[in-house]
Amino acid sequence: MADNYSIVEPLGNRYSSSKLERYWESFEGKYGLRTSRIIQFDPYASMSRCPVKYILEKFELNGSIPSKDWIEDNLKLFIREEGMAAATDKPKVFSPVIDEEIFLSDEYLDNFLNNSEWENFLKVELPKDDTYVEMANCIYNLLCNPQIGSSKNAINNEKSSFVNHILPLLEKKKRLLFILPGFPFKDQNKFRVPYDASCVDFSEISFLLRLHSLIQALYQVHPFGADALVLSDGRLYQDIFGVDSKEVAMYQWRLHDFRNKLNIQGDVSIIDLKELIERADENGEISKIIEHIETIILSDFKKEEFFQGLVQGMKWNMNSRKLLGKLNDFDTWDIIKGNRNDIKKELLGIWDWYHEIAESAAIKYAATNLMLRWTDLLSKFFPESIRCTVHPKKNQFALAMNYAWNGVAWSEKWPKSLKDISTVPFYTLKEHKVKIVKFQSNHYPCFFTKEQYNQELDYAKNVLKADGWNVDNIFGREFNIYDLNEFIELGHGDENFSWERQEMSDDYYKTLLQFRINHYKKYGFGVHAIFMDGHLIGQMGLQVLNEQKYQIEYVIFLGKNYAKKGIGTKLLKYLFDRCKDEGIETIYGVIRSDNVISKHIVDKFGGKMIKTMAHYHQTGVLYEIKLRREG
């Protein structure tokens, strides 16, 4: 291959791998990846497009080896940055009581994704003018926002330096590239994670969604786009931490699989970090540097107190599920956390053996990371990239969720979006009775929670088919934008067709129709358009009354020419029967206090008045209807 090589990105994304992943697989060797934006005219479509042109530039590694002084300085810095300390007090109980298993349909993942879009938890500061400096400032502020980055990014990254770094990229209308080493495998400390290294739970899923949200939010201030690149380092560290290679491969496969199920491969790419090292090690330079650093650490720093701090951290991070699996939890904790002088005699041999393994692992782990610093390998392969990390670090941008793979996904309440998910060591849940939630299709773990799952909102999705249903000569289906004119016409001159009980403007019905459509998009169910003889006669269906309490209300409005003819009673009977069939046990209705007819109808179905309440800027009476299952 020539020293410089370029290729234009393919149009569209029909594949399970991202464009960046496909391009990475198309070449080998030591090439830095740069991009430029070009203009192409498509004569068949009679339009222009602006794809990214990928450009490869041959680079050479620094073939020299680092000095002892450089190794000492950077080893101390690396150990401080790594911060591998863990809890020191021995727990009295090492795991929570799991009182229930809950299985979720794959649809739940779609809802979780929709609720996790950046618009739901982040307010983006838009540029005040169209200069590239202002655009760069807004990008910096976005990365320092704690909802999507970290407030400490402002401390660890000087604003002027960042602006100067990305300004040339913005001026050339380039996509930004954020690279993040991580996502190795699920931690195998037996106190942190109760399942295999191959498992991907809602901690990793939430982190992927956070990366997706970052990229989507960046589009609001940087119209040329951005990519997030995860450099998965599991294969690089599997032997060091004692994790089986098959489980690492399965973890990476599941990571890709969930990424694709979330349909975010256009934003998030995943490449194996060890591949970078293998491509750069054509002549063995990388191996020589690692071996040299290992030798220096072994001969000069192995017994130093600062290095033994790293060894202690490695004990906590190694595969104790496998290495110490035959010991009880109390003895395992002592081996991992205890000083040799405090270990009971019968465990001294195991303590020495585990400590020796941890020392060897710490040397290899430190040497590998110092090699990456010495060679500046990530910047060589991706010279235009912005370096990210999972915790605050000098000259790197931290993201909001730390070490998603070093614990289990946890939510105090039933999680609706990534905002509700945190990553915690499993043993810290010991004070709780918890429920483990798994996917129904494959029994993969999802998360732990205290709250019982209320499936009312899921059940509601199956009550009325979006594409159509019939009751005698009445037809219903999901609203769409093409219903607007008929919707407006039906409401004209009919004060009873709106909740406000007054004749409303065209804009009111336009806004209401958009609300109906958006509700369906968010929840997967909603209020339907009702037709008779091909004409719109009203609206009827379900909508969320109180999401926190999982309360669903029925809604029905008929045009003035179709009211008081028994149509409403017929439709509600069908709706309530369908709710009962799908497992909904309670339905709510909010009726205006002056609506005598609706009160009479709800009484027929056993409605019970609960309270008076404010509802869409009006006062209504809340009714509860218990839908008893037969048998």
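**Salt bridges**

I found the side chains of Lys190 and Asp329 joined in a salt bridge, 3.2 Å from N to O. By salt bridge I mean a side-chain nitrogen of Lys or Arg within 4 Å of a carboxyl oxygen of Asp or Glu. Lys190 sits in the loop between strand E7 (176–182) and helix H7 (202–218), and Asp329 in helix H14 (residues 329–337), so the pair ties together parts that are 139 residues apart in sequence. Helices (H or I, at least four residues) and strands (E, at least two) are DSSP runs, numbered from the N terminus. Asp329 is partly exposed at 30% relative accessible area. My classes are buried under 20%, exposed over 50% and partly exposed in between (1.4 Å probe, protein chains only).

I note that this is a predicted model, where local features need pLDDT of at least 70 and side-chain atom pairs count only at pLDDT 80 or more, while totals for chains, interfaces and linings use all residues. Residues are numbered from 1 along each chain as its sequence is written, and side-chain values use heavy atoms, with hydrogens and water left out.

I counted next. The structure holds 37 salt bridges. One of them joins the side chains of Glu72 and Lys76, at 3.3 Å from N to O. Both residues lie in helix H2 (residues 68–82), 4 residues apart, about one turn of the helix. Glu72 is partly exposed at 23%, and Lys76 is partly exposed at 32%.

I then checked Arg592. It forms a salt bridge with Asp594, with the closest N and O atoms 3.3 Å apart. Arg592 is buried, at 13% relative accessible area.

**Cavities**

I searched a 1 Å grid over the protein atoms alone; a cavity is a set of points where a 1.4 Å probe fits but cannot get out, a pocket is an open set with protein on both sides within 12 Å along at least five of seven lines, and lining residues have an atom within 4 Å of a point. Grid points are joined across faces, edges and corners, and a volume is the space filled by probe spheres set on the points.

The structure holds 2 cavities of 30 Å³ or more. The largest cavity has about 190 Å³ of space. It is lined by 16 residues, and Tyr108, Asn111, Asn115, Lys416 and Leu457 lie nearest its centre. Helix H3 (107–115) gives the most to this lining, with 4 residues.

The second largest cavity has about 140 Å³ of space.

**A pocket**

What is the volume of the second largest pocket? I read about 1100 Å³. It is lined by 41 residues, with Asn496, Arg501, Ile556, Phe557 and Asn595 nearest its centre. Strand E20 (551–558) supplies part of the lining, and its 6 residues are the largest share.

**Lys380**

I finished in helix H16 (residues 377–381), where Lys380 is found. Lys380 is partly exposed, at 30% relative accessibility. Lys380 and Lys30 are 350 residues apart in sequence and 8.4 Å apart in space, C-alpha to C-alpha. Leaving aside neighbours within four places in sequence, Lys380 is in contact (heavy atoms within 4.5 Å) with Gly32, Phe59, Glu60 and Thr375.
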